[in-house]
Amino acid sequence: MTANHVLVQAHRGYSGVYPENTMRSFAEAVALGVDILELDIHISSDGVVVVIHDDNLDRTTNGSGPVIGKTAAELKALDAGVWRGPEFAGERLPTLDEVLNRFSNQVQFNIEIKSVTSGYPYWYETLQPALASIDQRNLWSRCMFISFDVQALLAVLEYNQDAFTAFLDWRSGQERSKQKLLQKAGIKGWHPHPSVARRELVEDAHDLGLLVLCGAGKRLDNLEQEVETCLELGVDGISTNYPEHVITLLRERGRWKC
Ligand code: G3P
Ligand code: MG
């Protein structure tokens, strides 16, 4: 790995092309050599942690209603690919354990805890078995936890004070105070929205030892400009739905690991 390698995080996997948060989307991203898979978790009615962004099934499966209203077996019977295109029919909602088991020797994970801030009241019930899964597999060094809600990050640190947690800071204002409080609380990352990030704030975060990831390329049309902006900001990593394109742009600039 080169010293100036910028980390690439595949947001919901290679979700710009493949159905988000599915094994296919994760496998395609891992095949590109991404550093981190970002994923979102919810819980079934019988306590199984599943990987899906929304707290309901309507947008990304052929089911409907809340995720928590179905058992794991019922969730597994749903199609999680066909909404994205007929060629993806047959994709299933993965469980967190399945994703960890398949990719944990190849990649880091960034597990997003949806929380009260995101309108998800079952975050604590979801988090506890997720943490247990990490613990059983001894995957602490491979997993980062992110949230818009510091409370959720503190719950991770309550379980394991050495866990890597990062705050999704998408509201501008008081960034320096927030960064200092995060560091004091043992939170190790500051992930600002591009509209919040400024070069001097990234430098401040680095002075506090915080890892900085920023988003680029949720859509393809301004991707190159967004990557340039991230590089000018001096971030440690870029989160994107289009990891293949971001890797190409980084490679052209000598900022990719190979
Ligand atoms: O990487 C942060 C991002 O995942 C937060 O937003 O809605 O895509 O989970 P969302
Ligand atoms: Mg997310």
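Visitor: Is Tyr124 buried or partly exposed here?
Guide: This is a predicted model, and in it Tyr124 counts as partly exposed, with a relative accessibility of 37%.

Visitor: And what about Trp123, buried or exposed?
Guide: Trp123 is buried, at a relative accessible area of 9%. The cut-off for buried is under 20%, so Trp123 falls on that side of it.

Visitor: What kind of aromatic pair do Trp123 and Tyr124 form?
Guide: Trp123 and Tyr124 make an edge-to-face pair. Their ring centres sit 5.5 Å apart, and the planes are at 85 degrees.

Visitor: Why do you give me two numbers for that?
Guide: Because a pair of aromatic rings is described by the distance of the centres and the angle of the planes.

Visitor: OK, how many aromatic pairs turn up in the whole structure?
Guide: Six aromatic pairs come out of the search. One of them is Trp123 with Tyr124. Ring pairs also link Tyr14, Tyr18 and Phe88 into a cluster.

Visitor: How are the rings of Phe148 and Trp170 arranged?
Guide: The centres of the Phe148 and Trp170 rings are 5.0 Å apart and the planes are at 80 degrees, so this pair is edge-to-face.

Visitor: Where do those two sit along the chain?
Guide: Phe148 is in the loop between strand E5 (143–147) and helix H5 (150–159). Trp170 is in the loop between strand E6 (164–169) and helix H6 (175–184). They are 22 residues apart in sequence, so the pair ties those two parts together.

Visitor: Buried or partly exposed, for Phe148 and Trp170?
Guide: Phe148 is partly exposed, with a relative accessible area of 23%. Trp170 counts as partly exposed too, at 40%.

Visitor: New topic. What holds the magnesium ion (ligand 2)?
Guide: Glu38, Asp40 and Glu112 coordinate the magnesium ion (ligand 2), at 1.9 to 2.2 Å. Glu38 and Glu112 use OE atoms, and Asp40 uses OD.

Visitor: What spacing do those donors follow along the chain?
Guide: The spacing is E-x1-D-x71-E. Glu38 is in strand E2 (residues 36–43) and Glu112 is in strand E4 (residues 108–113), so the pair ties together parts that are 74 residues apart in sequence.

Visitor: Are Glu38 and Glu112 buried or exposed?
Guide: Glu38 is buried, with a relative accessible area of 1%. Glu112 counts as buried as well, at 5%.

Visitor: Which residues are closest to ligand 1?
Guide: The closest are His11, Glu38, His53, Glu112 and Lys114, out of 13 residues that surround ligand 1.

Visitor: What distances do you get from ligand 1 oxygens to the side chains of Arg12, Asp40 and Glu112?
Guide: For Arg12, an N or O atom of the side chain is 2.7 Å from an oxygen atom of ligand 1. For Asp40, a polar side-chain atom is 3.1 Å from a ligand 1 oxygen. For Glu112, the distance is 2.6 Å.

Visitor: How much of ligand 1 does the protein cover?
Guide: The protein covers 89% of the 290 Å² of accessible area that ligand 1 has on its own.

Visitor: Back to Arg12, where is that one found?
Guide: Arg12 is in the loop between strand E1 (7–11) and helix H1 (23–32). Arg12 counts as buried, at 13% relative accessibility. Its phi is near 60 degrees, a positive value in a residue other than glycine.

Visitor: And what is phi for Asn21?
Guide: Phi of Asn21 is near 55 degrees, again positive in a residue other than glycine. Asn21 is found in the loop between E1 and H1, and counts as buried at 2% relative accessibility.

Visitor: What does Asn21 touch?
Guide: Leaving out residues up to four places away in sequence, the contacts of Asn21 include Arg12, Glu38, Asp40 and His53. The side chains of Asn21 and Asp40 also make a polar contact, at 3.1 Å.

Visitor: Last one: where does Pro243 lie, and what is it in contact with?
Guide: Pro243 lies in helix H9 (residues 243–252) and is buried, with a relative accessible area of 0%. Beyond its neighbours within four places in sequence, Pro243 is in contact with Val8, Ala10, Tyr14, Leu32 and Val34. The C-alpha atoms of Pro243 and Tyr14 are separated by 6.4 Å, although the two are 229 residues apart along the chain.

How values were computed. Residues numbered from 1 in each chain as written. Chains lettered and ligands numbered in written order. Predicted model: local features only at pLDDT ≥ 70, side-chain atom pairs only at ≥ 80, totals over all residues. Heavy atoms only, no water. Donors = N, O, S within 2.8 Å, 3.2 Å for Na, K, Ca; no water. Helix = DSSP H or I, 4+ residues; strand = E, 2+ residues; numbered from the N terminus. Buried < 20%, exposed > 50% of the residue type's maximum accessible area, 1.4 Å probe, protein only. Contact = heavy atoms within 4.5 Å. Near = heavy atom within 4 Å. Polar contact = N/O pair within 3.5 Å; in protein donor to acceptor, adjacent residues only side chain to side chain. Areas by Shrake-Rupley, 256 points an atom, 1.4 Å probe, with all protein chains shown as cover. Phe/Tyr/Trp six-rings, centres within 6.5 Å; stacked < 30°, edge-to-face > 60°.
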